[in-house]
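Subject: Structure handover

Hello,

Here is the structure we talked about. Please look through it first, then read my notes below.

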Amino acid sequence: MDTIDLLSLRQWVSNYCRKFHSANEKDHQNIVLKESHTYNVAANMLSISGVLLRNRNKVMMAEAIGLLHDIGRFPQYAQYKTFRDSVSVNHGRLGAEVIKNENILSNLPVKEQEIIMDVVRFHNTPTVPGGLDAETIFFLKLVRDADKLDIWRVFAEYYEKDDAERESAAGLGLPDTPEHTDAIVACLAEKRLATVSALRTLNDFRIMQLTWVYDLNFPASFRLAIEQSHIEHIIATLPETDQLAGAVFALRQYLMEKARG
Ligand SMILES: [Fe+2]
């Protein structure tokens, strides 16, 4: 991928997103949420890959993957008015289909096309799937980090808003009550990922998002997480229970250790 390829891809993404802008305020707000997420993930990709890679073309590949990773979100919302894959369509697979059908990567070497398509297709699987080559796995880990970093931003901002201002498709419709579930706090304390199916309250959702720290891959990602401080904003929205305090302390320790590399 060279500079011209990246420039024309940026142009394509901008035009594609615009097609989904809506006169309906709620729909427009949901689309803009994903549009700004797209650009922020691309920026995170640039930031993390700039530390890890010497090759300029590979850094451009990383930015391109950031721009395309959630391209399936736009037709997903247009058709189903939701971002919940479980009740609509797998947005990673749909994204790979969009890239293929729109023929936007045909100027690139076949190997680069395959990497980008696979990374978009698998960016949202619960864990990194087996059977992929080393370079695909590298970019997949990169985008999974860049994506989480920006989801923390999206939700740090979301939790600060009143119910009426919140993007309707962002949450899972969980009640914003003071309780949290023991099994979810246990995941955080045991440094394991929590799963969506176990969530009962919005606090559980917040705690699940904190468990993602234990799935970050690169020291540069941990450093960016600390610098951006969205995690701290999410922690600040949680109740100050003894049960959570220990797990949050361990989380901060882990962040600091990993950031040192
Ligand atoms: Fe995604």
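Of the contacts in the protein chain with a separation of 6 or more, 64% join residues 24 or more positions apart. Two residues are in contact if their C-beta atoms, placed from the backbone, lie within 7 Å. This is a predicted model: local features need pLDDT of at least 70, side-chain atom pairs count only at pLDDT 80 or more, and totals for chains, interfaces and linings use all residues. Residues are numbered from 1 along each chain as its sequence is written.

Overall build

The protein chain has 12 helices and 0 strands. Helices (H or I, at least four residues) and strands (E, at least two) are DSSP runs, numbered from the N terminus. The C-alpha atoms fill a box of roughly 55 × 45 × 30 Å along the principal axes. The radius of gyration is 18 Å, which agrees with the value near 18 Å for a compact globule of 261 residues. That radius is taken over C-alpha atoms, and the globule rule is 2.2 Å times the number of residues to the power 0.38.

Burial

Buried residues make up 37% of the 261 residues. A residue is buried if 20 or more other C-beta atoms, placed from the backbone, lie within 10 Å of its own.

Helix α9 (202-211) is worth a look. All of it is buried, 10 of the 10 residues, so α9 is largely enclosed by the rest of the structure. Its buried residues include Leu 202, Asp 204, Arg 206 and Thr 211. The cover over them includes α7, α8, α11 (230-236) and α12.

Next, helix α8 (residues 182-189). Its buried residues are Ile 184, Val 185, Cys 187 and Leu 188. They span an arc of only 150° around the axis, which puts them on the same side of α8. The arc is that of the directions from the helix axis to the C-beta atoms. These buried residues pack against α9 and α12 (242-260). Just after α8, Lys 191 has a positive phi of about 60°.

A helix pair

How do α7 (residues 134-160) and α10 (residues 219-228) cross? Their axes come within 10 Å and cross at roughly 10°. Axes are lines fitted to C-alpha atoms over the stretch in contact, and angles run from 0 to 180 degrees between N-to-C directions. The two helices are therefore roughly parallel (under 35 degrees). Asp 145, Leu 149 and Arg 153 in α7 meet Ser 221, Leu 224, Ala 225 and Gln 228 in α10.

Best wishes

Definitions and conventions. Buried ≥ 20, exposed ≤ 12 C-beta atoms within 10 Å, placed from the backbone. Parallel < 35°, antiparallel > 145°, perpendicular 65-115°, else oblique.
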